[in-house]
Amino acid sequence: MGNYRVCLCFIRRFKMSKEEPPPDVKEAFVKYAGGVAANMTAEQLRSFLVEFQGDQTASLADAQRIVEHVLQRRHHVITKLTKHSLTLDDFYYYLFSMDLNPPISDQYIKETFGDMLFFPEAEYLQEFPSPEELKYRIVISTKPPKEYLRSKNVKGENSFSDDETDDEDGVDTSESESSESDDSDYESYTTGVSEYKRLIAIHAGKPNGGLKEALKVGADKVRRLSLSEKALKKATKAHGMDVIRFTQKNMLRIYPKGTRVNSSNYKPQNAWLHGAQMVAFNMQGHGKSLSLMRGMFRSNGGCGYVKKPDFLITVDSHGKVFDPNANLPVKRTLKVKLYMGVGWNLDFENTHFHLYSPPDFYTRIGIAGAPADEVIKKTEIKEETWSPVWNEEFTFPLTIPELALLRIDVYSYNISDKDVFGGQNCLPVSEVKPGIHAVPLFDRKGSKYSSVKLLMRFEFS
């Protein structure tokens with residue numbers, strides 16, 4: 001129930017609508033469990049994961065772990081007498097769980113190491129395994145994610161700061177000079193310079209002769225070239241294929257133009273589309289460009305490394321490279337269905353969106369990527385509700401799905417002023433998992449909300 005004062009005379013009351021599983025969720029449950037009133041066993045859940053969600057690696061043990069997690073969270077007590085299966089509400093809870101059912105995989109360790117990877121079945125190891133048990137196995141030892149530590153918030157648990165991380169000031173040291181020099185020992189100085197030069201693996205500099213000359217690929221050495229966003233735009237317009245050929249053997253660094261004194265940013269897509277490996281941002285502020293950067297680097301488990309698509313590193317039999325300006329056919333089609341959203345009433349004050357009524361939410365869903373793929377679509381506005389239900393579907397034909405990012409932005413409509421921001425997410429299309437998933441939303445600075453999430457379905461053809 002929410003109360004909103006209108007003038008000084010009376011108070012409007014709004015009831016919170018009960019969350020109901022969308023029809024697609026009910027249909028999936030009926031199909032795999034055998035009926036609305038039935039219970040879904042771990043075996044049936046595994047069939048759902050493999051056939052409906054497209055997770056070919058899902059095992060019976062994975063399904064059993066999901067069942068146990070859901071029962072423990074929803075019903076708190078699991079005994080030997082507990083029936084280890086899911087009701088429709090349990091199944092809906094699982095689908096809408098951000099940690100149990102995320103839209104992208106975490107995002108490659110199990111896939112890479114397979115059966116060699118050792119991990120405990122429970123949350124913690126009660127005792128160390130024997131050396132014999134760990135023979136020929138891979139053991140991961142690292143800090144828990146920040147979100148995990150925040151969610152636990154338990155006294156006595158160890159917490160860690162990020163003081164260990166290194167800072168980078170972004171200065172291109174290859175072009176800097178020392179303000180002080182001691183030439184009293186010239187021989188020692190030249191020896192030091194020679195030794196230092198031998199340590200430089202990739203040389204950087206500013207070649208003479210304009211962009212065409214700068215982008216020439218040398219057979220004798222690799223190097224790094226730095227271009228401003230303005231110079232990149234000029235280079236890609238006139239020498240697009242030369243830029244790609246250069247990045248196949250050399251490093252290309254792009255940086256914001258100097259007039260961005262307010263710490264704004266440029267669109268990174270053009271740099272990524274032409275193979276640039278180092279795309280620098282102003283990190284002091286926030287906005288669309290930084291959200292796209294975070295979306296790109298959610299790939300590969302968010303480790304900070306994303307492999308360049310094959311089409312940017314291959315050369316055909318005629319010596320030609322990819323032409324980013326060519327008209328390309330649709331390679332893949334993404335279909336997105338947005339069911340509903342919840343959690344704003346838990347993460348925001350009652351009057352954050354409107355003073356006199358609940359929010360009027362709508363969602364913008366679109367693609368950021370190659371110019372031919374970029375589009376923004378918008379749902380209907382759902383008036384005066386904290387739990388909007390849209391049940392709307394959108395189709396996105398993609399010519400370069402490898403570099404496409406799915407943008408999701410939620411706003412509350414405001415007739416008299418700017419619409420109020422309600423959360424965003426940006427997902428790499430190449431890693432989006434098919435099926436129904438819970439999609440967390442983030443604030444403008446990239447911090448995840450505690451409770452706000454969307455329920456969405458993804459299909460590829």
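The following questions and answers concern a predicted model. Local features need pLDDT of at least 70 and side-chain atom pairs count only at pLDDT 80 or more, while totals for chains, interfaces and linings use all residues. Residues are numbered from 1 along each chain as its sequence is written, and side-chain values use heavy atoms, with hydrogens and water left out.

Student: How many helices and strands are there in the chain?
Tutor: Helices (H or I, at least four residues) and strands (E, at least two) are DSSP runs, numbered from the N terminus. On that basis the chain has 12 helices and 18 strands.

Student: What percentage of the residues of the chain count as buried?
Tutor: Buried means under 20% relative accessible area, exposed over 50%, and partly exposed in between, with a 1.4 Å probe and protein chains only. Of the 461 residues, the buried part is 40%.

Student: Is α1 parallel or oblique to α4?
Tutor: Helix α1 (residues 23-33) and helix α4 (residues 88-95) pack with their axes 10 Å apart and at an angle of about 120°. Axes are lines fitted to C-alpha atoms, for helices over the stretch in contact, and angles run from 0 to 180 degrees between N-to-C directions. Angles under 35 degrees count as roughly parallel, over 145 as roughly antiparallel, 65 to 115 as roughly perpendicular and the rest as oblique. Therefore α1 is, relative to α4, oblique.

Student: How many nonpolar residues has the contact of α1 with α4?
Tutor: Contact means heavy atoms within 4.5 Å, and here it is made by Val-25, Lys-26, Ala-28 and Phe-29 of α1 with Leu-88, Phe-91, Tyr-92 and Leu-95 of α4. Ala, Val, Leu, Ile, Met, Phe, Trp, Tyr, Cys and Pro count as nonpolar, Asp, Glu, Lys and Arg as charged, and the others, Gly among them, as polar. By class there is 1 charged residue, no polar residue, and the nonpolar count is 7.

Student: Which residues of α2 make the contact with α1?
Tutor: The axes of α1 and α2 come within 9 Å and cross at roughly 125°, so α1 is oblique to α2. From α1 the contact takes Ala-28, Tyr-32 and Ala-33, and from α2 it takes Gln-44, Ser-47, Phe-48 and Glu-51.

Student: Which residues of α2 are buried?
Tutor: The cover over the buried residues of helix α2 (residues 42-51) includes α1, β3 (40-41), α3 (60-75), β4 (85-86) and α4. The buried residues are Ala-42, Leu-45, Phe-48, Leu-49 and Val-50.

Student: How far apart in space are Leu-86 and Leu-45, C-alpha to C-alpha?
Tutor: Leu-86 lies in strand β4 and is buried, because its relative accessible area is 0%. Leaving aside neighbours within four places in sequence, its contacts include Phe-29, Leu-45, Val-67 and Phe-91. Leu-86 and Leu-45 are 41 residues apart in sequence, and their C-alpha to C-alpha separation is 8.7 Å.

Student: Is Tyr-136 buried or exposed?
Tutor: Tyr-136 sits in the loop between β5 (117-118) and β6 (138-139). Its phi is near 65°, a positive value in a residue other than glycine. With a relative accessible area of 69%, Tyr-136 is exposed.

Student: What is the phi of Asn-391?
Tutor: Most residues other than glycine have a negative phi. Asn-391 is found in strand β14 (residues 389-398) and counts as partly exposed because its relative accessibility is 35%. Its phi is positive, near 50°.
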